[in-house]
There are 2 protein chains.
Amino acid sequence: MNELKGKVEILRIVAHPVRVAILDELSKGVKCVSDLEDFLEISQPNISQHLGLLRRAGIIDYFIDGRLRCYFLKNPFVLDLLEILRKEYDRELPGPECCPVTKKGTYPGERRR
Amino acid sequence: MNELKGKVEILRIVAHPVRVAILDELSKGVKCVSDLEDFLEISQPNISQHLGLLRRAGIIDYFIDGRLRCYFLKNPFVLDLLEILRKEYDRELPGPECCPVTKKGTYPGERRR
DNA sequence: TTAATTCATTCATATATTCAAATATTATTA
DNA sequence: TAATAATATTTGAATATATGAATGAATTAA
């Protein structure tokens, strides 16, 4: 799970509005599928598909409680991801004026001759 | 850029190995396209397409220096994202045994009757 | 002006994703 | 054992994405 490649794959899986909503909800605690049904506005089979994707990617897992499947978060990287998804970003980055050398030894802003 | 929706869209754009590589490189400083060509193993037109995507998403921008286009990072959320992509995660999350109530008032682990 | 450099755009094709609809599975309850 | 509840799987159609190939600016150098 530590190589970049694996994390990019996780990113790809997470990068869907419904799946982010599911993960955000799971970050508050264990939920069964019908809990999720209550607050997502999509069909149960569709929810199930998203859960399957997330589970096969190792992002979530479940245990069985009676006839409920109780899903929970399993992946610490995703927790950090959720955190920055919730964070406020008010400004853009400072411009590049201060920055390093490009290929041929020019500095940004400096005109090559 | 602050609503969740926009960030999920950014995630979707970033979630590609080549684009992560580009962004990681840009996080070190301004680079022109031919700098990127040197260390990515894909064709220039393909690099250009990825740059175009990233630019249209507001993630990067460029200034012109002679005949070079010097690209730089523009989005602070993406900086945080790159940071957690580089971070080490050695353990899984603790299990759910400690956790909140599911829909019908059962506790995880507790059997419903 | 011509040629070279640097980068972008367009197009075609292969592949992947999304979602709905129908159906299946599994555990519990009657 | 049959019925029900909770959830999963499969299939298929629409759409989106990825990438290579070819081509097209724009700028600069000769």
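## Exercises: the protein around DNA strand D

**Exercise 1.** In this predicted model, find which residues come nearest to DNA strand D.

*Solution.* Start with the residues around DNA strand D: there are 23. Then pick out the nearest. They are A:Ser34, A:Gln44, A:Ser48, A:Tyr71 and B:Arg12.

**Exercise 2.** Sort the surface near DNA strand D by residue class.

*Solution.* Take the classes in turn. Six residues are nonpolar. Another 10 are polar. The charged class holds seven.

**Exercise 3.** State which part of DNA strand D lies within 4 Å of the protein, and locate polar side-chain atoms by its phosphate oxygens.

*Solution.* Step one: look at the DNA atoms within 4 Å of the protein. Sugar or phosphate supplies 68% of them, and bases supply the rest.

Step two: check the side chains. A:Ser48 places a polar side-chain atom 2.6 Å from a phosphate oxygen of DNA strand D. For A:Tyr71, the distance from such an oxygen is 2.3 Å. Chain B takes part through B:His50, with a side-chain N or O atom 3.3 Å from a phosphate oxygen.

**Exercise 4.** Describe how β3(A) pairs with β2(A).

*Solution.* First, the direction: β2 (residues 60-65) of chain A and β3(A) run antiparallel, over six bridges. Next, one bridge: A:Phe63 has A:Cys70 of β3(A) as its partner. Last, the turn: two residues lie between the strands of this hairpin, and A:Gly66 takes a positive phi near 60 degrees.

Terms used
Residues are numbered from 1 along each chain as its sequence is written. Chains are lettered from A and ligands numbered from 1 in the order in which they are written. This is a predicted model: local features need pLDDT of at least 70, side-chain atom pairs count only at pLDDT 80 or more; totals for chains, interfaces and linings use all residues. Side-chain values use heavy atoms; hydrogens and water are left out. A residue is near a molecule or strand if one of its heavy atoms lies within 4 Å of it. A polar contact is a pair of N or O atoms within 3.5 Å; within protein, one must be able to donate a hydrogen and the other to accept it, and residues adjacent in sequence count only if both atoms are side-chain atoms. Ala, Val, Leu, Ile, Met, Phe, Trp, Tyr, Cys and Pro count as nonpolar, Asp, Glu, Lys and Arg as charged, and the others, Gly among them, as polar. Two strands pair if DSSP finds at least two bridges between them. Helices (H or I, at least four residues) and strands (E, at least two) are DSSP runs, numbered from the N terminus.
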